Amino acid sequence: MRNMIENIGRRTIKGIEELGYAFSLLAESFMWLLAGRMRKQPVSVATIFQEAMWIGVTAIPIISMLNMAVGVMLAIQAIFTLSKFGAESQVILGLAFVVVREFSPLIVGVLVSGRSGSAITARIGTMQENQEIDALRVIGINPVRYLAAPILVAMCVMLPVLTIWGDLMGILGGGLYTCAKLNMTLHDFFSSSLETLVVADVMQGIIKSVVFAVIIVLIGLSNGFQVSGGAKGVGLATTRSVVLSISFIVLADMVFTYFLSR
Amino acid sequence: MSAQIHRRPVIEIEHLDARYGERQVLTDICLTIYEGEIMVIMGGSGSGKTTLLRHTLGLEQPASGTIRILGRDITAADAKTLYELRTKMGVAFQAGALLGSMTVAENVELPLREHTHLNESTIRIMSRMKLELVNLGGFEDLMPAELSGGMLKRAALARAVVMDPKLLFVDEPSSGLDPVVAAEIDQLILRLRNAMKMTILIVTHDLASAFMIADRIAILDNGRIVMTGGVDAIRASTDRRIQDLLNRRPREATVDAEAYLGRLTGDNP
């Protein structure tokens, strides 16, 4: 019993420590982004573009495919449910809302955390193990400025962009199925979808995606920087990073949906 | 020794204590390194020499004590002072620690790009010069993963000296290398000192290499400095721990029966 309570205590302290570390990374990254140029150590714009390319552009094919598939599934389920009330034609309304407000940001967040969040942890963790981070520090290059800040900016820009792209692909997927099933043209489907949506719906998805971006980056980076124990340590940290960021994304999504949908 | 007294101290370590958690790794280290000398810190595995190096580089905070580099106390220095000091220091890590995502040339150019506003061709020429110096001319476009252990160490040395630092730190320059390559690296370090008048701190467990290049040697054992002195003084020392190290004698472990049993059964007596 005492052991158990001690254990809970230790884990709580460790959790709070990690949270503190993650937020100090965030604060330090902002500091470098704002004051780096003044200190003559700017965050490299070229690196930001490189990261954006890697996080965002190369993820477009897989995101298109998954979001279209989700769109099709949602359309199938929605038409099935609505047919119970004889209201199949209302599918457009439901589909546009649920893709833009919920599914697109969630799918994109989960996918990017599996794809790039894990890579961030593995990359930083390997660098830590190879003393590359130490090497940067002794050269006088702050690792947060050099490695963390560009990833943070790239992720916070690219995740919303991918989410908007995912919105379109999800609606397209749903539209293709609906049109075939209900004898509509895709043009009609898109124009009524766009009529139903208001800016606030799209914004809800975008706000969520920015929060997810911060979650993926902070969890990816802090697990990477705190790697110890060689190759096994890097593997463990990578797994932990993906599991934690997906869990936090889903939890944050729930909280945000609650507050933003009222 | 008398010549050194008039020289300017470059690194002054005073009463340094270091701990990892509960474990005391370094105890009351006092060491002064003078301008232009090659100081070798020698000790067996687990003697604390790497920890001492990491503290001297400002990568770890000591439990107590001060470390002054070029007159500035790095244990209490702010980020700006530390940044300025680091532009005057070069470090070659044991396994090179080259950034795996960049070519050899980009690695060597990195400090110049970060700290200077030189134009592209000057940066290129300076980095090529340093690569030629370590006999790596022609290898600039290879990735670190394509280099051998000895080449990695030499590339790391090139990166460490590309800014012409006042101070050079080298971690285990000869470990994992065949004797010929190890001797080449020793020669290279001597050349760097003679050509660029650097102060060099080397951490190693390689006796032959230490005697070859050192002006002075500090022997570290169990986190304490046993002796500091010139090569001849170290050789002539009658201290048993030093003689063990010099003659490659295994340590005579005195067995405390009770503690031994305690370790086996997991009970602390």
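1. Ile38(B) stands opposite Ile200(B), a residue of strand 8 of chain B. The model is predicted. The strands behind this pair are strand 3 (residues 38-42) and strand 8 (residues 199-204) of chain B. They run parallel, and five bridges join them.

2. Next, the whole sheet. Six strands of chain B form it, in the order 6-7-8-3-9-10. The sheet is open, and its pairing is mixed. Strand 6 and strand 10 (224-230) of chain B are the edge strands. Each has a single partner strand, so one side of each lacks a neighbour in the sheet. From one strand to the next, the twist averages 15 degrees.

3. What packs on this sheet? Helix 6 (residues 149-161) of chain B does. Helix 6 touches strand 6 and strand 7 (167-171) of chain B. The direction of helix 6 makes about 170 degrees with that of strand 6 of chain B.

4. Now chain A. Its secondary structure is nine helices and zero strands. Read from the N terminus, the elements run α-α-α-α-α-α-α-α-α. Along the principal axes, the C-alpha atoms of chain A fill a box of roughly 65 × 55 × 35 Å.

5. Burial and contact range in chain A. Of its 262 residues, 42% are buried. Take the contacts between residues at least 6 apart in sequence: 86% of these join residues at least 24 apart.

6. One helix pair in chain A deserves a look. Helix 4 (residues 91-129) and helix 7 (residues 186-196) of chain A pack at an angle of about 60 degrees. Their axes are 9 Å apart. The crossing of helix 4 and helix 7 of chain A is right-handed. On helix 4 of chain A, the contact is made by Ile92(A), Leu93(A) and Ala96(A). Helix 7 of chain A brings Phe189(A), Ser192(A), Ser193(A) and Thr196(A). By class, the residues of this contact are four nonpolar, three polar and no charged.

7. Finally, the contact between the chains. How many residues does each chain give? Chain B gives 16 residues and chain A gives 10 residues. On the side of chain B that touches chain A, helix 3 (79-86), strand 6 (89-92) and helix 4 (104-115) of chain B each supply at least two residues. Helix 4 of chain B has the largest share, four residues. The residues on this side of chain B divide into 11 nonpolar, three polar and two charged.

Note on methods. Residues are numbered from 1 along each chain as its sequence is written. Chains are lettered from A and ligands numbered from 1 in the order in which they are written. This is a predicted model: local features need pLDDT of at least 70, side-chain atom pairs count only at pLDDT 80 or more; totals for chains, interfaces and linings use all residues. Two residues are in contact if their C-beta atoms, placed from the backbone, lie within 7 Å. Ala, Val, Leu, Ile, Met, Phe, Trp, Tyr, Cys and Pro count as nonpolar, Asp, Glu, Lys and Arg as charged, and the others, Gly among them, as polar. A residue is buried if 20 or more other C-beta atoms lie within 10 Å of its own, exposed if 12 or fewer, and partly exposed in between; C-beta atoms are placed from the backbone. Axes are lines fitted to C-alpha atoms, for helices over the stretch in contact, and angles run from 0 to 180 degrees between N-to-C directions. A crossing is left-handed if the near helix is turned anticlockwise from the far one by less than a right angle, and right-handed if clockwise. Two strands pair if DSSP finds at least two bridges between them.
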